[in-house]
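Dear colleague,

I am handing over the structure below, together with an account of what was found in it. Please read the notes with the coordinates open beside them.

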Amino acid sequence: MTDSVRWGILGAGGIAATVGAEIVASDGNQVVAVGARDLDRATALADRLGAARSYGSYAELAADPDVDVVYIATTHGQHHEQALLCLGAGKPILVEKAFTLNAREAREVIAEARRRQLFCMEAMWMRLNPLIRTAQDVARSGRIGDVVSVRSDLSARFEFDPKHRLFDLGVGGGALLDIGVYSATFAWLFLGRPDTVQVTGALAPTGADATVALQWGYADGRFAQIASTTLGANPLSGLIAGTKGWISVQGPMARPASITIHDPDGDEVLPDPLTGAGYRPEVAEVARCLRSGELESPLVPLDETLAILEVFDDVRARLGVRYPADQE
Ligand SMILES: NC(=O)c1ccc[n+]([C@@H]2O[C@H](COP(=O)([O-])OP(=O)(O)OC[C@H]3O[C@@H](n4cnc5c(N)ncnc54)[C@H](OP(=O)(O)O)[C@@H]3O)[C@@H](O)[C@H]2O)c1
């Protein structure tokens, strides 16, 4: 690796452009190549990001010897195949959320990364957000007492369009994998794997889940209420309640505007310290791991990425949401 981490971006859609700009804005990181299914789209994004090379196929990007790490920024249904393609070419990978469609696919990608001794991480940027990390530190410190419950909701209004990635089962559509992965991961950060899971929800006409609401239970009485819907936005976000206080999240939990810590001494409000679109801590963590030779980020553990997808497999089965890849 040169002084600078040289990124390749796989896919030239919306998040590829947003995170690509954040990579370019991060010291010690550059985008050197973009690969897309269409060369013109790849070239247009490469030009915007100052990348020297563009490719009209993902395989060419994966084979580029001057790429240190590939950011896989495509739809959920494509992640498994593309992750294995990049790992097969010897490339470390950052894979957009949701990491894969199901736990089987995640197990295969994780096993391959470990077998090949290559860095691999889900792009769950919420876990690297400084306010979310502070909330975790505060919860662990005992300042709000023992954590009793978590509420989390990330919802938005998406007009139904059977071809949109949110609703198209062929590319891994559905509220759970797209936005529910944030609200579920948020609860997981403070409570861990649930002992019991209750599920309710509703499907879009394509069979993708439009609404998912979960109640997680724990043998010791703790619980989480988790929701995500594509039917409408709401101002709820995250709340961690303890025996002596609580922490509330204002704004979207992946990039909060602020958090409020309420303890017996009163309220402390911590504002968002980040500039840019909020992805720079994620870029920095990948670069840190690559430079230090760490193959997995301790802040975004692959085992938890997998465990959450195991819970999701069960949730989707109960909702009746099946992807073509579930049959394999
Ligand atoms: N971290 C975040 O804040 C955030 C925000 C939004 C989305 N995401 C995640 O990012 C990923 C992409 O979302 P997006 O909003 O960027 O979507 P998008 O704008 O619709 O782009 C979809 C991308 O998927 C690629 N793709 C590959 N095979 C495809 C197929 N068979 N059908 C459709 N697209 C295909 C396209 O690649 P080509 O360019 O090669 O055509 C395109 O780059 C998803 O995993 C999503 O959950 C993350």
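**The ligand and its surroundings**

A backbone N or O atom of Gly14 lies 2.8 Å from an oxygen atom of the ligand, and please bear in mind throughout that this is a predicted model. A backbone N or O atom of Lys97 is likewise placed 2.8 Å from a ligand oxygen atom, while for Thr75 a polar backbone atom is 3.3 Å from an oxygen atom of the ligand. In total, 23 residues surround the ligand, and the closest are Ala12, Arg37, Arg41, Tyr58 and Tyr279.

**Domains and the nonpolar core**

The protein chain is divided into domain 1 (5-124) and domain 2 (130-273), whose C-alpha centres lie 27 Å apart. Where the two domains meet, 10 residues of domain 1 are in contact with nine residues of domain 2.

The largest nonpolar core has 109 residues, of which Trp7, Ile93 and Trp216 touch the most other members. Helix H7 (residues 175-191) supplies the largest share of this core, with 13 residues, and the core draws at least three residues from each of domain 1 and domain 2. As a general background, nonpolar side chains tend to be buried together in soluble globular proteins. Leaving aside residues up to four places away in sequence, Trp7 touches Ile23, Asn29, Gln30, Val31, Val32, Ala33, Val67, Val69, Tyr71, Leu94, Val283 and Val286.

**Helix H8**

After H8 comes Gly293, which has a positive phi, near 80°.

**Thr260**

The side chains of Thr260 and Gln250 are joined by a polar contact of 3.2 Å. Not counting residues up to four places away in sequence, Thr260 touches Trp246, Ile247, Ser248, Gln250, Asp267, Glu268 and Val269.

With best regards

Conventions
Residues numbered from 1 in each chain as written. Predicted model: local features only at pLDDT ≥ 70, side-chain atom pairs only at ≥ 80, totals over all residues. Heavy atoms only, no water. Helix = DSSP H or I, 4+ residues; strand = E, 2+ residues; numbered from the N terminus. Core = buried A, V, L, I, M, F, W, Y, C linked by side-chain atoms within 4.5 Å. Buried < 20%, exposed > 50% of the residue type's maximum accessible area, 1.4 Å probe, protein only. Domains from an automatic or database assignment. Contact = heavy atoms within 4.5 Å. Near = heavy atom within 4 Å. Polar contact = N/O pair within 3.5 Å; in protein donor to acceptor, adjacent residues only side chain to side chain.
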